[in-house]
Amino acid sequence: MRDIWKTLVRFFVSMQLTVVLLILSLLLVFVATLDQVNLGIWAVQEKYFRSFLVFWRAPGGNLSLPIFPGGYLIGGLLFVNLISAHIYRFKLNWKKSGIFLVHFGLIFLLVGELLSGLWQEDFHMRLDEGQTSNFSESPLLNELAIIDTTDLKWDDVVAIPEKLLERKEPIQHPKLPFRIVTRAYYPNAEVQMRSQIANPPPAIATTGIGAEVAVTPQPITYKPNERNMPAAAVELVGTNGSLGTWLVSTMLGNPQTFTHEGKTWMLLLRAERYYKPFSLTLLKFSHDRYAGTDIPKNFSSRVRLKTEDGTTDREVKIYMNNPLRFAGLTFYQAGFENNDRTTILQVVRNPSWRLPYYACGLMSLGLLIQFGISLTGFIRKRSAAKATAA
Amino acid sequence: MRIRPLLVLPAIGLILLSSCRDPKIRNYRIAKESPPPTAPSGMAGMSSMSLPAGPASAVPTPGIHWQKPDGWQEQAGKSMRIGSFLIPGDDGRKAEVAITTFPGDVGGDFANVNRWRGQIQLPPITEAELSAAITAVDLPAGKFQLVDLTSTEPLIDGKYKARIFGAWLKQPERTWFFKLMGDADTVGAQHDALLAFLRTVEFTAPSAAAAEPASTNNLPAAQFTPPPMQSPSASESGLSWTAPANWKPKPLGQMRKGSFAVPGADDAEADLSITMLSAATNPLLENINRWRRQISLPPLTESQVAAETTTLTNGELRFTLVDYTGAQPSGAATHLLGAILYRGEEAWFFKLTGPDAVVATQKAAFSEFLKTVNAR
């Protein structure tokens, strides 16, 4: 047992492991960068970096084989390797304190990336000039929103992630007097009015607009400039039986409405939404160009930030490298459209955003100390040599 | 020494954390939303509608703007509609303008005209009659195709004939439809108003380039453009085939993966369409009965299917074949040769329809064609 432990320790503290892991990291980054052409940045991050193993699917089959260690495995092993080396190999002394600080900075960097992967949330907020909004939307994820609109002032929302629809398991929520059963799910599909197609396929829904709509499955897209448009047929089953099967799709613009047990409900598949206790109003979007050219010089959004409790009500200008940081969120100027009348803000929540800064600070300090120690030693030696010579 | 192994545990714990990302149902309450402003400032009097309205919205549609004529009442958008107007007429009659857009060419001009004809119970026209039915006009937004159709029967309240004055505009990725429909008199009175309306239509680009991201976590500019809808060609789909040399490839419609004009004697032609749908929602019996309905044949029951179909095997591909002769709704005799192939989650439909004189002579060629079908 002791021998096994010793072998394990030798393996984890070895410099060879560090070198192998660094080479694997290089290869991983190289291959992932090439594959970005096929998959786009999001899918590549998930497939190569935010995974333990990189899988390869044999063409024409459903068999997936692990072919390479993923980012979590390589990063995790590097992390363990570095910590083990400090515990078992390195001896703390003042002469090497700089190197220790550099290594701890590296550990912080690895932990920071892991926490960013786990905690960071990326959303968009799209505002037309004059429009006020208090929610942001996911650029990738969708949700089935079932909204009780009976109250005159409030909407009660139950938001079901698309992933749960994909599993096709019955969904029950205490706020809903019915169960949701996914009858069909398409991760990417076109919808068209059946009356507009020569030979329409049977409708997959029995109620609402879906009964008149044809759904055509499309291949899943990974391209960064494309977005999957999922569709699903969801049956709502109450205590007295089925209420009907509705078609939901992000391609259907308006929500569908129905009543059940005296309450009015709305049903729609939409981008995942996150509401905030404050709102932004776009006062003006500016797209400055260099004089006489169409080359963009600056993009900026002048917005009014207002909290629900009235404690904040101010104007803010968001432009490149000058994001708005508020309530743990960062609003970057990310895009625009509609002839410069609509702004797109990227909304990022990353509780660990300071870690890379601390890590770089630690590493810089470590390098300074290490060079300082060497320099002092060198100067001392030289002074001593001079004194001896004199 | 004993404590050393324990120091590695936090590291392992952190790594395991990464597997804890399960989607959760959320429940929250929000104040009812007020509707967004209908037109940006400085555009008073101009209705403006532009898709996509958000990352989740439909398709990469360019923004469209128009000037609403007096007397047209804007209606709340209905699902699938970009714009909707109500036009009151005399004696409580009314007409409606619907503006819709769909990816691709939605089956082409021929299908569009016959679809609208069907809506006011007119028999379909033939392709030869198509050019006479359509008028093309060049307007600022592009070349519009116009049709003016009036029903032969009084379809509205049993007293008034129905009329459609419709226009469509083809763009590379999509087709825009502007349909004025109502009783013949109201539509006739609004004929010029619709043309004037079409002159005011203008498009703006769907999405411009985004600003340079401010952080390394920012998205690339193109992230904000939803997918362009493309009609896949045979080579992009999961099957490939080789058609006889005299079969003429036709433009792919929105639904078609393959499309051919199959010639017969005396300029007669049959149509071969190849479509792919979900196998889960397209069981064999339903599709056979759909085809039978199209040529006025009664539906089959499950037990009759085996007797009414034959099978053609091509390697691992197993086609279910049908051969029916019936009549179109217009009464014209028609012959349908069909092949249905289930392949994983996909259901493929090969349908050859047309005059019996053509289809009957092409039956052997159709079987040979199916034998050229290959899974890619």
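Two strands pair if DSSP finds at least two bridges between them. Helices (H or I, at least four residues) and strands (E, at least two) are themselves DSSP runs, numbered from the N terminus. With that in hand, welcome to this predicted model, in which local features need pLDDT of at least 70, side-chain atom pairs count only at pLDDT 80 or more, and totals for chains, interfaces and linings use all residues. Residues are numbered from 1 along each chain as its sequence is written, while chains are lettered from A and ligands numbered from 1 in the order in which they are written.

**Chain B at a glance**

- Chain B holds 9 helices and 20 strands.
- Of its 376 residues, 32% count as buried; a residue is buried if 20 or more other C-beta atoms lie within 10 Å of its own, exposed if 12 or fewer, and partly exposed in between, with C-beta atoms placed from the backbone.
- Two residues are in contact if their C-beta atoms, placed from the backbone, lie within 7 Å. Among chain B contacts between residues at least 6 apart in sequence, 52% join residues at least 24 apart.

- Strand E16 (residues 310-314) runs antiparallel to strand E17 (residues 317-327) in chain B, and 5 bridges join them.
- B:Asn314 has B:Leu317 of E17(B) as its bridge partner.
- The hairpin of E16(B) and E17(B) has 2 residues between the strands, and B:Gly315 there takes a positive phi near 60°.
- E17(B) also pairs with strand E18 (residues 333-343) of chain B, in the antiparallel sense and over 9 bridges. Here B:Ala327 is bridged to B:Ala333 in E18(B).

**A loop residue beside these strands' residues**

- B:Ser296 sits in the loop between helix H6 (284-294) and helix H7 (305-308) of chain B.
- B:Ser296 is exposed because it has 12 other C-beta atoms within 10 Å.
- Leaving aside neighbours within four places in sequence, B:Ser296 is in contact with B:Gly326 and B:Ala327.
- From B:Ser296 to B:Ala333 there are 37 residues in sequence and 10.0 Å in space, C-alpha to C-alpha.

- Strand E15 (residues 269-278) of chain B is mostly covered, with 7 of its 10 residues buried.
- Strand E14 (residues 256-263) of chain B is antiparallel to E15(B), with 7 bridges joining the two; B:Val262 stands opposite B:Ala270 in E15(B).
- E14(B) and E15(B) form a hairpin with 5 residues between them, where B:Asp266 in the turn has a positive phi of about 55°.
- E15(B) is also joined by 8 bridges to strand E19 (residues 346-354) of chain B, again antiparallel, and B:Thr275 stands opposite B:Phe349 in E19(B).

- A nonpolar core is a set of buried Ala, Val, Leu, Ile, Met, Phe, Trp, Tyr and Cys residues joined through C-beta atoms within 7 Å. The largest one has 37 residues, and those with the most contacts inside it include A:Leu144, A:Val215 and A:Ala231.
- Elements giving two or more residues to this core include strand E4 (132-148), strand E9 (231-238) and strand E12 (263-289) of chain A. E9(A) supplies the largest share, 5 residues.
- Beyond its neighbours within four places in sequence, A:Val215 is in contact with A:Tyr186, A:Ala189, A:Val191, A:Ile204, A:Ala231 and A:Leu247.
- Buried residues in helix H3(A) include A:Tyr72, A:Phe79 and A:Leu82.
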